[in-house]
Amino acid sequence: MKRNQKAVITTTLIGSNAVVFVILMFLGKTEDTQFILEHGAMYEPYVIQGHEYYRLVTSMFLHFGIDHLMNNLIMLGALGWNLELEIGKIKFLLIYLLSGIGGNLCSLFVNQLEGTAVVSAGASGAVFGLMGALVCAAIQRKGYVGRLGKRGLILMVVLSLYFGLTSSGVDNAAHIGGLVCGFLLQIILGALQ
């Protein structure tokens, strides 16, 4: 990793999420579930029965309030900076987007199994995908990715999952789905040197 490299994709993703949030903040209340749903949040009946598959992607750029946004962007910045500089822009972007979509698909599957219809939004499935990819990369590299060590990454994953599972209103299926997707994608993309 070169010192003068910049994490361009990470910065762009942070900026994109922030810009979408500011625009929506001026149009209405970002904490309002109906408002976020009208602007592209994921909702099983709309995706499956309504064939609005674009929601698998648009929901990744929507957040329920400033706290939700900041939590995701701080994690995106911290994880993304290290991973992007280690694996490159294209692989990083693929892991981010495909993990977010994979997390959303996992959430849809769980919602269908449970017979629930939940409005879901946020970048956390993609962010958990970055965590999964970082853990995998640390294992592949026998210890560290950038400044992040394997033990610290595993502790971060465990704590993040614990806080999600013990909090209300958290789409844990999206988190777990994103985590698994990120780990598997790093195995696949890591083999493509």
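## A walk through the model

A search of the whole structure turns up 1 aromatic pair. Select Y43 and Y46: this aromatic pair is edge-to-face, with 5.0 Å centre to centre and 90° between the planes. Rings of Phe, Tyr and Trp (its six-membered ring) pair if their centres lie within 6.5 Å; planes under 30 degrees apart count as stacked, over 60 as edge-to-face and the rest as tilted. Y46 is partly exposed, at a relative accessible area of 32%. Buried means under 20% relative accessible area, exposed over 50%, and partly exposed in between (1.4 Å probe, protein chains only).

Some ground rules. This is a predicted model, where local features need pLDDT of at least 70, side-chain atom pairs count only at pLDDT 80 or more, and totals for chains, interfaces and linings use all residues. Residues are numbered from 1 along each chain as its sequence is written, and side-chain values use heavy atoms, with hydrogens and water left out.

**Stop 1: helix 1**

Select residues 8-27, which are helix 1. Helices (H or I, at least four residues) and strands (E, at least two) are DSSP runs, numbered from the N terminus. The end C-alpha atoms of helix 1 are 29 Å apart, which agrees with the 28 Å that its 20 residues should span at 1.5 Å a residue. The expected span of a helix is 1.5 Å times one less than its number of residues.

Now colour I9, T10, L13, N17, F21 and L24, the buried residues of helix 1. They cover an arc of only 110° around the axis, so they sit on the same side of helix 1. The arc is that of the directions from the helix axis to the C-beta atoms. Show helix 2 (33-38), helix 5 (65-87) and helix 6 (89-114) too: the buried residues of helix 1 pack against them.

Zoom in on N17. N17 is buried, with a relative accessible area of 0%. Leaving aside neighbours within four places in sequence, N17 is in contact with M60, F61, H63, L69, L73, L76, Y96 and A123. Contact means heavy atoms within 4.5 Å.

**Stop 2**

Move to N72 in helix 5. N72 counts as buried, at 8% relative accessibility. Not counting residues up to four places away in sequence, N72 touches H63, G122, A123, S124 and V127.

Next, pick G103 in helix 6. G103 is buried, with a relative accessible area of 0%. Leaving aside neighbours within four places in sequence, G103 is in contact with A173, A174, G177 and G178.

**Stop 3: helix 7**

Select residues 124-140 for helix 7. Its 17 residues reach 24 Å from first C-alpha to last, close to the 24 Å expected at 1.5 Å a residue. Step on to K142, which follows helix 7 and has a positive phi, near 55°.

**Stop 4: the largest pocket**

The largest pocket holds about 770 Å³ of space. Select H68, S124, V170, D171 and H175: of the 34 lining residues, these are the closest to the centre of the largest pocket. On a 1 Å grid over the protein atoms alone, a pocket is an open set of points where a 1.4 Å probe fits, with protein on both sides within 12 Å along at least five of seven lines; lining residues have an atom within 4 Å of a point. Grid points are joined across faces, edges and corners, and a volume is the space filled by probe spheres set on the points. Helix 6 gives the most to the lining, with 6 residues.
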